[in-house]
Amino acid sequence: MRAAAFTELIGPDGVSVIDRPDPEPGPGEAVVDVDACAINRHDLWILEGESTMVDADELPFVSGLDVAGVVRAVGDGADVDPGDRVVLCPNETCGTCRFCRDGPENLCEAFSLYHGGLAERAVVAADRLVRLPDSVTATTAAALPTAYMTAYHMLRRADVGPGDLVFVPGATGGVGVASVQLADVMGARTIGTSSSAAKLDRVAALGLDHAIESDDPDEIRAAVSEVGTPDVVLNHLGGAYTAVGLDVVRRGGRMLVCGRTAGSVSEIDVPDLFLGHKRVEGSTMGTQRDLERLVGLVASGEFSPVIDATYPLEETGAAFAAMQARESVGKLVVTTDD
Ligand SMILES: NC(=O)c1ccc[n+]([C@@H]2O[C@H](COP(=O)([O-])OP(=O)(O)OC[C@H]3O[C@@H](n4cnc5c(N)ncnc54)[C@H](OP(=O)(O)O)[C@@H]3O)[C@@H](O)[C@H]2O)c1
Ligand SMILES: [Zn+2]
């Protein structure tokens, strides 16, 4: 089978299509014919050599978390059947620790992520597959697992509801657009930022209520305050945006943090944190049940994930180049054609 592998950790030019042996399912596993696999900044960091997760001696490496396709073969004990249309929840958990027993599963002490979807076939844990209704295409489904599941889990943890004001720094990418759309589904209003006016126009058309064109944290702090006082901040940028989010969120409000695109360190105002009874919470991915709910919301027409472009497997490098150049709005999805 063909796979779009990372053969050098030098950015988009390091992707090559290679031949790999066809995978066989072990006990509890399924082999999926991959129709679509979305990419995430997580994959890009691996490709750029910015992640500690993959070393040069592990190359070629096949990344890709967000697999959607059709079950081709199953191992003993797998609870899916050949021909089932599915999307993968890329969570890998131990199944035995206190969080696996008591939930939520994404707190698992041995939590890790599936990689291997940027290929014609993927061997996965069968119990991580969510069946797709006929109305949800593979390309649509592939957009959901990482970006939408992460955004949805943060919104649920923050108990966002009708009338809330949600601030999303970086509202144009995978997690950003997902946050805006899902906050809208929950009846909340949104403030979003981007360095690009053209991209903000596209997100405004998807339901963003207040757009701030800037990537200067101080300018953003002032512009948010002019709009209102957010009840919740969904922060996937990290860095200086963490101090800004904490400053602007209301007394007793919450900031959920899931990323560090703009940096890993932020200086925060500690008295503002405690005198304002504010909460800062880390959050990673979501639960398989979150993904099942998202599939249901798409099937019932509540929202449709935003896909900027699809790329054939051979052009996976171009998909990463578009992400690196900050050109896209929403998700980039790699598709196979067989
Ligand atoms: N913890 C988890 O489970 C989890 C899950 C998913 C994602 N994440 C994290 O969330 C973040 C977003 O992931 P994604 O896949 O949605 O990425 P993405 O699609 O590439 O995000 C693009 C967004 O980030 C903004 N951006 C890019 N570089 C920036 C910079 N240097 N400074 C400020 N803004 C910048 C872009 O703003 P412009 O419009 O101005 O270009 C755009 O709004 C990443 O840090 C990722 O690791 C974490
Ligand atoms: Zn566990």
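**Exercise on a helix**

Which residues of H8 are buried? State also what they pack against.

*Solution.* This is a predicted model, in which local features need pLDDT of at least 70 and side-chain atom pairs count only at pLDDT 80 or more, whereas totals for chains, interfaces and linings use all residues. Residues are numbered from 1 along each chain as its sequence is written, and chains are lettered from A and ligands numbered from 1 in the order in which they are written.

Step one is the criterion: a residue is buried if 20 or more other C-beta atoms lie within 10 Å of its own, exposed if 12 or fewer, and partly exposed in between, with C-beta atoms placed from the backbone. Helices (H or I, at least four residues) and strands (E, at least two) are DSSP runs, numbered from the N terminus.

Step two applies it. In H8, the buried residues are Ala 240, Tyr 241, Thr 242, Val 244, Gly 245, Leu 246 and Val 248. Seven of the nine residues of H8 are thus buried, and the helix is mostly covered.

Step three names the surroundings. The buried residues of H8 pack against strands E10, E13, E14 and E15 and against helices H7 (217-227) and H9 (270-275).

**Exercise on a sheet**

Determine the strand order of the open sheet of six strands, and identify the strands at its edges.

*Solution.* Two strands pair if DSSP finds at least two bridges between them. The order is E12-E11-E10-E13-E14-E15, with parallel pairing. E12 (210-213) and E15 (279-282) are the edge strands; each has a single partner strand, so one side of each is left without a neighbour in the sheet. On average, neighbouring strands are turned by 15° against each other, direction ignored. Such angles are taken between lines fitted to C-alpha atoms (for helices over the stretch in contact) and run from 0 to 180 degrees between N-to-C directions.

Next, follow the bridges. E13 (residues 232-235) and E14 (residues 254-257) run parallel and are joined by four bridges. Asn 235 stands opposite Val 257 in E14. H8 (residues 240-248) packs on this sheet, touching E10, E13, E14 and E15, and its direction makes about 170° with that of E13.

At the other end of the order, four bridges join E11 to E12. Ser 194 has Glu 213 in E12 as its bridge partner. The chain passes from E11 through helix H6 (residues 197-205) to E12 in a right-handed β-α-β crossover; right-handed means that, with the strands pointing away from the viewer, the path from the first strand over the helix to the second runs clockwise.

**Exercise on a covered strand**

Are the faces of E14 covered or open?

*Solution.* Recall first that in a regular strand the side chains alternate between the two faces of the sheet. In E14, Arg 254 and Leu 256 lie on one side and Met 255 and Val 257 on the other; all are buried, and both faces are covered. The path from E13 through H8 to E14 is a right-handed β-α-β crossover.

Now move on to E15. E14 and E15 pair in the parallel sense over four bridges, and Arg 254 stands opposite Arg 279 in E15. A right-handed β-α-β crossover also leads from E14 through H9 to E15. Arg 279 counts as partly exposed because it has 15 C-beta neighbours inside 10 Å.

Classify His 277 and Met 285 as buried or exposed, and describe their phi angles.

*Solution.* Most residues other than glycine have a negative phi, and most peptide bonds are trans. His 277, in the loop between H9 and E15, has a positive phi of about 50° although it is not a glycine. His 277 is exposed, because 10 other C-beta atoms lie within 10 Å. Met 285, in the loop between E15 and helix H10 (288-299), has a positive phi of about 50° and is not a glycine either. With 22 C-beta neighbours inside 10 Å, Met 285 is therefore buried.

The bond from Leu 59 to Pro 60 is cis, with omega near -5°. The bond from Gly 103 to Pro 104 is cis, with omega near -10°.

Technical notes:
Two residues are in contact if their C-beta atoms, placed from the backbone, lie within 7 Å.
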